[in-house]
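Subject: Structure handover

Hello,

Here is the structure I said I would pass on. My notes on it follow below the files.

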Amino acid sequence: MPTNLPPQYYRVEERLRQAGSPQEKIPILREMLAIMPKHKGTDKLQADLRAKISRLRSEALKRKQTGKSTYSHHISKQGAAQVVLIGSPNVGKSELLAKLTRANPEIASYPFSTTEPQVGIMPYEDIKIQMVDTPPVSEEFIEPYLPEIIKEADLILLMADLGEETVLERIDEVIQKLSYFKIKLVREISEEETSPLTLKKVILVGNKNDRPDGEERLRILEEFYGEKLPLISISARENRGLEELKKQIFKQLGIIRVYTKVPGKPVELKNPLVLKKGSLITDAARAIHKDFASRLRYTRMWDSNEFNGQKVEKDHPLKDRDIVEFHI
Ligand SMILES: Nc1nc2c(ncn2[C@@H]2O[C@H](COP(=O)(O)OP(=O)(O)OP(=O)(O)O)[C@@H](O)[C@H]2O)c(=O)[nH]1
Ligand SMILES: [Mg+2]
């Protein structure tokens, strides 16, 4: 216990002992956190308090849920896709969110600094991708609502700290925790596969490659996970590898952009349709309006090599950056 805490702190702490419900305790813990001087000597205590707040919030939430409350942590999708950042405490999730978007999350040198999901929008070429930073997952604890957020995501970034000797154990803890909730992180999801688990596409992100031994730990990660999961090494703090990460995110999302053109007018190069890889002309038409596909007489198509306004069938497959002109 640090010795230099102000007397006021102990008075508030006394109130904590008398508090009963999580709803009473949480504001008191927040007050303790606010009073506490912020320096190295109190890092651990701050982390403990934050972890406690986090735990109590979940408990309060659980009580609310059994009381049939409608309170939810569902995050509405924005943009072309929703990407959720998860990982052990202190790996740099919030720092990465801050670097990729205009969000301004709390970034701290101690663990358990994020207690609520934080959302930001990442521009990528001509589309926007929603990024969600989340509270940490540890061996002992996961926010009870987090598995649901993961299940709803289009892609997961599982972050790891290359500056930590225990990086493999930390990753394993997160994977284990998720398997308890029947979630499995995978490179690919094949259509035929039937699994009792929820399969989620993932990128394993080794962060802090600026730290000593970062390169060596990356090789260890490659050895363990390289076959199973896509892996990328970055430094959020030093802005290393972030452009490559964005490209990988787009690729791993498995989406394509299709531009539409009104007959006689130039192509609309803003706001492309965003479709799943493997989509057909008819899917693009349906994405505009559900009746559109059935009313479609024919379609002309342009791309960067083969097509220059030729007619294509409704079941013609689309690629990223194709241009289509629908005739109804
Ligand atoms: N050296 C180095 N430090 C980093 C890097 N990215 C983040 N950090 C530092 O690591 C610490 C934790 O960063 P956060 O972004 O708060 O980590 P987090 O994963 O959000 O932590 P929790 O919310 O507690 O789970 C901060 O001191 C960051 O500045 C990096 O690429 N290199
Ligand atoms: Mg954080």
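What share of the 328 residues of the chain counts as buried? The figure is 50%. Please keep in mind throughout that this is a predicted model.

Overall layout

The chain contains 10 helices and 12 strands. Its C-alpha trace spans about 80 × 50 × 40 Å along the principal axes. The accessible surface is about 17700 Å², and carbon and sulfur atoms contribute 49% of that. Among contacts in the chain with a separation of 6 or more, 63% are between residues 24 or more positions apart.

The magnesium site

Ligand 2 is a magnesium ion, and the protein atoms that coordinate it are OG of Ser94 and OG1 of Thr114, at 1.9 to 2.1 Å. Ser94 sits in helix H4 (residues 93–100), while Thr114 belongs to the loop between H4 and strand S2 (118–124), so the pair ties together parts that are 20 residues apart in sequence. Ser94 and Thr114 are both buried.

The loop between H4 and S2 also holds Phe112. Phi of Phe112 is positive, near 60°, and the residue is not a glycine. Most residues other than glycine have a negative phi. Is Phe112 buried or exposed? Phe112 counts as buried because its relative accessibility is 14%, and the cut-off for buried is under 20%.

Asp213, in the loop between S6 and H7, is another non-glycine residue with a positive phi, here about 70°. With 45% relative accessibility, Asp213 counts as partly exposed.

Nonpolar cores

The largest nonpolar core has 30 residues, and the members that touch the most others are Ile86, Ile156, Leu158, Ile171, Leu178, Leu185 and Leu221. Two or more residues of this core come from each of strands S1 (81–87), S4 (155–161), S5 (183–186) and S6 (198–207), and likewise from each of helices H5 (146–152), H6 (167–180) and H7 (214–225). H6 gives the largest share, five residues.

Which residues does Leu178 touch, leaving aside those up to four places away in sequence? They are Ile86, Ile142, Ile150, Ile183 and Leu185. Another core, of 27 residues, lies apart from this one, and its members include Leu157, Ile203, Val205 and Leu245.

S10 pairs with two strands. With strand S12 (residues 322–327) the pairing is antiparallel and has five bridges. With strand S11 (residues 308–312) the sense is also antiparallel, over four bridges. S10 and S11 make a hairpin, with five residues between them.

Met301 is bridged to Val324 in S12, and Thr299 is bridged to Val312 in S11.

Regards

How values were computed:
Residues are numbered from 1 along each chain as its sequence is written. Chains are lettered from A and ligands numbered from 1 in the order in which they are written. This is a predicted model: local features need pLDDT of at least 70, side-chain atom pairs count only at pLDDT 80 or more; totals for chains, interfaces and linings use all residues. Side-chain values use heavy atoms; hydrogens and water are left out. Donors are N, O and S atoms within 2.8 Å of the metal (3.2 Å for Na, K and Ca); water is not among the atoms, so sites may look incomplete. Buried means under 20% relative accessible area, exposed over 50%, partly exposed in between (1.4 Å probe, protein chains only). A nonpolar core is a set of buried Ala, Val, Leu, Ile, Met, Phe, Trp, Tyr and Cys residues joined through side-chain atoms within 4.5 Å. Contact means heavy atoms within 4.5 Å. Two strands pair if DSSP finds at least two bridges between them. Accessible areas come from the Shrake-Rupley method with a 1.4 Å probe; for residues, only the protein chains shown count as cover.
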